[in-house]
Amino acid sequence: TAAPLTIGTIEAADKELDSSTYYSAAMAVMFLFLIVQFGVLGLLEERENGTMNRLLAAPMRRSSVVLGKAITSFAIGVISMTTVILVTTFALGADWGDPIGVAILVLSGVIAALGLMMMVAAFAKTAEQASNLQAIAGFLLAMLGGAFFPVASAGGLLEALSKITPHAWYLRGLGDLAGGSGVGGILRDVFTMGARPI
């Protein structure tokens, strides 16, 4: 008769990224918040240089000017994130997980970064002031969100504060993908990133 009980080893998903993937993803999302500012800063530069009046005098809606700058920032963000993912996968052996899930997280991260940078730019009077404020916001959120070290392992207040950042939800989403969750397993992370850009 067959043995009624067998003992074996089963690997459990730990939802932890290996170090090359974690730091690749963390640095990518940190610099994402800095790179999307270039399209947004264009609005303030146009105003300072006097070319905004010419754009507004053209036969197009005002929203088209803002939308054009936003699309530029969005495209820069997606291209830069895609480049980082490809380079780190082939050069460093980073394992980003399910490509569809990663693509959804990247798009959500770019939208969150764009929303935050546009909000910061709305309070700035000059392009230089906006650039400085955006850099401060980007680095502060990166520190709180775990871009420099895994904040979740610190616990306590630091871990609670990290949950207000898109960075933490982006990294958590990648961890969920590493743990075997499919696209359905990252929907909460994606929703939180989009609903709470700060």
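From the N terminus on, the elements run α-α-α-α-α-α-α-α-α. That makes 9 helices and 0 strands. Helices here are DSSP runs of H or I with at least four residues, strands are E runs of at least two, and both are numbered from the N terminus.

Some ground rules. This is a predicted model, in which local features need pLDDT of at least 70, side-chain atom pairs count only at pLDDT 80 or more, and totals for chains, interfaces and linings use all residues. Residues are numbered from 1 along each chain as its sequence is written, and side-chain values use heavy atoms, with hydrogens and water left out.

Overall picture. The C-alpha trace spans about 90 × 35 × 30 Å along its principal axes. Of the 198 residues, 40% count as buried. Buried means under 20% relative accessible area, exposed means over 50%, and partly exposed is in between, with a 1.4 Å probe and protein chains only. The accessible surface comes to about 11000 Å². Carbon and sulfur atoms hold 67% of that surface. Those areas come from the Shrake-Rupley method with a 1.4 Å probe; for residues, only the protein chains shown count as cover.

Now contacts, meaning heavy atoms within 4.5 Å. Take the contacts between residues at least 6 apart in sequence: 73% of them join residues at least 24 apart.

Next, helix α4. α4 covers residues 62–92, which is 31 residues. From first C-alpha to last, α4 reaches 45 Å, close to the 45 Å expected at 1.5 Å a residue. The expected span is 1.5 Å times one less than the number of residues. Which residues of α4 are buried? They are V65, K69, A70, S73, G77, S80, M81, I85 and T88. Look at the spacing with this in mind: an α-helix has 3.6 residues a turn, so residues three or four places apart point the same way. The cover over the buried residues of α4 includes α1 (19–35), α2 (37–49), α3 (51–57), α5 (99–123) and α8 (166–178). Just after α4 comes G93, with a positive phi of about 75°.

On to α2. This helix has 13 residues and reaches 18 Å between its end C-alphas, close to the expected 18 Å. Where does α2 bend? At L43, by about 25°. The bend is the angle between axes fitted to the seven residues ending at a residue and the seven starting there. The buried residues of α2 are Q37, G39, V40, L41, G42, L43, L44 and E46. Their cover includes α1, α3, α4, α5 and α6. After α2 comes G50, whose phi is positive, near 85°.

Now the surface. Y23, F139, L140, M143, F148 and F149 form a nonpolar patch, with about 560 Å² of accessible area together. Patches take residues with over 30% relative accessible area and no salt bridge; like charges are joined within 9 Å, and nonpolar side chains (Val, Leu, Ile, Met, Phe, Trp, Tyr) within 5 Å. A salt bridge is a side-chain nitrogen of Lys or Arg within 4 Å of a carboxyl oxygen of Asp or Glu. Helix α6 (residues 127–145) gives the largest share of the patch, 3 residues.

M143 is in α6. M143 is partly exposed, at 46% relative accessible area. Beyond four places in sequence, M143 contacts F148 and V151. F149 sits in the loop between α6 and α7 (156–162). F149 is also partly exposed, with a relative accessible area of 40%.

Then L144, also in α6. Buried or exposed? L144 counts as buried, because its relative accessibility is 18%. Setting aside neighbours within four places, L144 touches V151, L158, L161, S162 and T165.

Two last residues. L17 lies in the segment before α1. L17 counts as buried, at 15% relative accessibility. L17 and G175 are 158 residues apart along the chain, yet their C-alpha atoms are separated by 5.7 Å. Not counting residues up to four places away, L17 touches Y22, L171, L174, G175 and A178.

S108 is in α5. S108 is buried, with a relative accessible area of 10%. Leaving aside neighbours within four places, S108 is in contact with V190 and M193.
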